[in-house]
Amino acid sequence: MVIENRIKASVAKAIKELYGAEITEESVQLQLTRKDMKGDYTIVVFPLLKVSKKNPVQTGEDLGAYLINDCEEVSAFEVIKGFLNIQLSHAYWLELLNELVQDVEYGKTSATDDSPLVMIEYSSPNTNKPLHLGHIRNNLLGYSLSRIVAANGNNVVKTNIVNDRGIHICKSMLAWQKWGEGQTPESTGKKGDHLVGDFYVKFDQEYKKEQAELIEKGATKEEAEAQSPLMKEAREMLLKWEAHDEEVYGLWEMMNQWVYAGFDETYKMMGVDFDKIYYESDTFKTGRDMVLEGLEKGVFYRRDDNSVWADLQNDGLDEKLLLRSDGTSVYMTQDIGTAKLRYDDFSIDKMVYVVGNEQNYHFKVLAILLDKLGLEWGKDLVHFSYGMVELPEGKMKSREGTVVDADDLMKDMIDTARDMSKELGKLEGYSEEEAEKVFKTIALGALKYFILKVDPRKNMTFDPKESIDFNGNTGPFIQYTYARIQSIGRKAQEKGIVLPESASKDVELTDKEVQLMKIISNFPSVVAEAGKVYSPALIANFIYDIAKEFNQFYHESPIAVEEDEAKRDMRLVLCKNVGTVIKNGMWMLGIDVPERM
């Protein structure tokens, strides 16, 4: 029985024996004691006054005295107004320390064949441009969520839907056809996704020129957009693609393969992957068939221009386009088809979409439409809605070519990590290959941690220089703390000390040591909460707290040089436990921790 349950059971027992009343263990309000107060756990006394018929202080004194006798883990108590602060014995903390040191997977719960299956969709790139900073936040959140959900005892399927069709894809294809002069990734030395992205920008530049010329001739902005010959060609190309025109389809396949090769490189560098990738070019057909079936059943309706719509006004929303007048599909059509195929492929218990908050309305609609189509699991889908990410310079726009490419950003981060490490004199004695590996680990750790430590619901500004600082709430600070812990163990062995497997139960603990053990003991509940509310930020900030607390302990307490053998061994075991928590927590964030820095 975990200590929280033990305390709650003892309080319920006390209420019955002291006051002759029955309460449930669940009704006992128990929380961690505030750092500025003495104690480990706090019982809120106020709700119990109606059964004790006494004032808060008297009730607290009664319960504290009872717990001392009934609960062997409780060693002392203090009543402050309506709060009973209880202190656990050093023997309890040492027993917990010895229990946990054997568990290298501490904080994680293993899934079984009967565990729920959670599918998490993230990334969702378009094949008309490379991944950028916004995609980085999406991928890092999705990948971290997959690990946090898995650490909570679920089976997980990581999935991606590639938006590989549509008017935006045709824009890149048409621009390459007109101005590409046969360029390929091989002939230009460019990654395929970057090359295709250049032509997406080129299309927009030429499109704007056409609009400007039409406006100069007297057209309004709306008329210029509608009359643009270039946009008309792009729309005709989309129709040809949907009709499987041989030439257009061949061009589409060739350019998409360039992009996929580029994406694979970026995903590998970023350290994310997928169990199953779906493509809109496959799923939109299923979605279109489902929409037409819904039309026949009267779920949807057709307008005079032949377009198909859903009327959601009775659901508190408006009307939603599902098929254009020319019969081509929209994003919603594709999402309906993708959802159906996924549930056909996997026995999903929960579906989580990692998509920015600008799509909040889209997913409200999707849930309702799936339910209307008879797919009752639709209303239970989870939209993990996160805020936008910007650089200190401001927003980015793909069409205008002002985005920060993921590849460029990661390369710049590695360069910065290299420069800072050399300046600080770290990694001396490393071979060039070893050093480069650590530079990459530090750089990606900095990038990932800086993005994941922010509440995902909030917009954020990513500052590369701030993220890679070796001090403060950063990835490198935590990585360096982990490396320091490994160094302590190595130095102890160099002194001929055999690393202990457990600590003596008779050691007197300092307040700092107890504080560290309290933080360690809270790790599983933080992991559970992070899985419940889908927040990597809870894990990130918890790991920072333990790293910060450990560094204070390290500077105040001798470890390998401690002359008292029992204290030394206890501190070495404590170091190992802190290292396990940091490593497992960073794993949940998708961040590697180096053995040396």
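**Note on helix packing and aromatic pairs in the predicted model**

1. Helices α6 and α11 are roughly perpendicular to each other, because the angle between them falls in the range of 65 to 115 degrees that counts as such. In this predicted model, α6 covers residues 167–179 and α11 covers residues 246–270, and the two pack at an angle of about 100° with their axes 10 Å apart. On the α6 side the contact is made by Ile169, Ser172, Met173, Trp176 and Gln177, while α11 contributes Glu247, Val248, Leu251, Trp252, Met254, Met255, Asn256 and Trp258. Sorted by class, this contact of α6 with α11 holds nine nonpolar, three polar and one charged residues.

2. An aromatic pair belongs to this crossing: Trp176 and Trp258 are arranged edge-to-face, with 5.9 Å from centre to centre and 70° between the planes. Since Trp176 lies in helix α6 and Trp258 in helix α11, the pair ties together parts that are 82 residues apart in sequence. Trp176 is buried, with a relative accessible area of 15%, and Trp258 is likewise buried, with a relative accessible area of 11%; both values count as buried because the cut-off is under 20%.

3. Helix α11 also packs against helix α10 (residues 229–242), here at an angle of about 95° and with the axes 8 Å apart. By the angle between them, α10 and α11 are therefore roughly perpendicular to each other. The residues that meet are Met237, Lys240 and Trp241 in α10 and Val248, Tyr249, Leu251 and Trp252 in α11. In terms of class, the contact of α10 with α11 comprises six nonpolar residues, no polar residues and one charged residue.

4. Two residues of the α10 and α11 contact, Trp241 and Tyr249, form an aromatic pair of their own, which is stacked, with 5.7 Å from centre to centre and 20° between the planes. Trp241 is buried, and Tyr249 is buried as well. The structure holds 20 aromatic pairs, and ring pairs also link Tyr122, Phe263, Tyr267 and Phe274 into a cluster.

5. Helix α16 (residues 432–452) deserves a separate point: its 21 residues reach 30 Å from the first C-alpha to the last, which is close to the 30 Å expected at 1.5 Å a residue. Of these 21 residues, 15 are buried, so α16 is largely enclosed by the rest of the structure.

6. Where does Leu312 lie? Leu312 sits in the loop between β9 (308–311) and β10 (319–323), and it is buried, with a relative accessible area of 0%. Leaving aside its neighbours within four places in sequence, Leu312 is in contact with Leu317, Asp318, Glu319, Lys320, Val365, Ile368, Leu369 and Lys372. Leu140, by comparison, is 172 residues from Leu312 in sequence and 34 Å from it in space, C-alpha to C-alpha.

7. For the protein as a whole, the secondary structure comes to 22 helices and 14 strands, and the C-alpha trace spans about 90 × 65 × 45 Å along its principal axes. Of its 597 residues, 54% count as buried. Among contacts with a separation of 6 or more, 74% are accounted for by residues 24 or more positions apart; the pair of Trp176 and Trp258, whose residues are 82 apart in sequence, can be read alongside that figure.

Methods: Residues are numbered from 1 along each chain as its sequence is written. This is a predicted model: local features need pLDDT of at least 70, side-chain atom pairs count only at pLDDT 80 or more; totals for chains, interfaces and linings use all residues. Side-chain values use heavy atoms; hydrogens and water are left out. Helices (H or I, at least four residues) and strands (E, at least two) are DSSP runs, numbered from the N terminus. The expected span of a helix is 1.5 Å times one less than its number of residues. Buried means under 20% relative accessible area, exposed over 50%, partly exposed in between (1.4 Å probe, protein chains only). Axes are lines fitted to C-alpha atoms, for helices over the stretch in contact, and angles run from 0 to 180 degrees between N-to-C directions. Angles under 35 degrees count as roughly parallel, over 145 as roughly antiparallel, 65 to 115 as roughly perpendicular and the rest as oblique. Contact means heavy atoms within 4.5 Å. Ala, Val, Leu, Ile, Met, Phe, Trp, Tyr, Cys and Pro count as nonpolar, Asp, Glu, Lys and Arg as charged, and the others, Gly among them, as polar. Rings of Phe, Tyr and Trp (its six-membered ring) pair if their centres lie within 6.5 Å; planes under 30 degrees apart count as stacked, over 60 as edge-to-face and the rest as tilted.
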